[in-house]
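Let's take a friendly walk through one structure, a few helices at a time. Have the sequence and the 3D view ready as you read.

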Amino acid sequence: MSVGSIEELFIDELKDLYSAEHQITKTLPKLVKAATTPELKKAFENHLKETEGQIERLDRVFEILGKSPRGKTCAGMKGVLEEGAEMLKETEEGSIRDAALISAAQRVEHYEMAGYGSVREYAKLLGQNEIAKLLEKTLEEEKAADSKLGQVARQVNPAALQPA
Ligand SMILES: [Fe+2]
């Protein structure tokens, strides 16, 4: 057993998030291409830039901890992204695909929100206040990205109701 303390759980989950963020940076450019609604393309583009900043923040966290961020693959994020890719195959370009992309992307955001919420709490518990602040910042960005997607959905979904 390699996780026997909150410190180890903390590092383990941070590595998981590090892997998740890298998977997301690889996927977002595909979503930008796949989306039709300009606001959705823009939301994905913005979140790609944000995600790159989130990786830098995690790099800083690992630097403070004196640990390597590597060594884990986030299987959960892999699954969530695979489901998104499936939806791409099952839909034609247009507003229905956009609706499906938003749904998939919101799953990604909620997965991340759960992860960042947990590690922020561990950081606080361990007295790692600087790290807690960095993680809190990312958590807020994920929440904002989720609510932006919800906003775009209210524009895209009614359009998807109209026959093409
Ligand atoms: Fe993220």
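A residue counts as buried if 20 or more other C-beta atoms lie within 10 Å of its own, as exposed if 12 or fewer do, and as partly exposed in between, with C-beta atoms placed from the backbone. Helices are DSSP runs of H or I with at least four residues, numbered from the N terminus. This is a predicted model, where local features need pLDDT of at least 70, side-chain atom pairs count only at pLDDT 80 or more, and totals for chains, interfaces and linings use all residues. Residues are numbered from 1 along each chain as its sequence is written.

Here is how the residues of helix 3 sort out.

| Class in helix 3 | Residues |
|---|---|
| Buried | M77, V80, L81, G84 |
| Exposed, on the other side | A75, G79, E82, E86, K89, E90 |

Seen down the axis of helix 3, the buried residues fall within an arc of 95° (taken from the directions from the axis to the C-beta atoms), so they line one face of the helix. These buried residues pack against helix 1 (6-34) and helix 4 (95-125).

How do helix 1 and helix 4 meet? Their axes, which are lines fitted to C-alpha atoms over the stretch in contact, come within 10 Å and cross at roughly 160°. Helix 1 and helix 4 are therefore roughly antiparallel to each other (angles over 145 degrees count as such).

Finally, look at I96, which lies in helix 4. I96 is partly exposed, with 19 other C-beta atoms within 10 Å. I96 and L81 are 15 residues apart in sequence and 18 Å apart in space, C-alpha to C-alpha.

Definitions and conventions
Helix = DSSP H or I, 4+ residues; strand = E, 2+ residues; numbered from the N terminus. Contact = placed C-beta atoms within 7 Å. Axes fitted to C-alpha atoms, helices over the stretch in contact; angles between N-to-C directions. Parallel < 35°, antiparallel > 145°, perpendicular 65-115°, else oblique.
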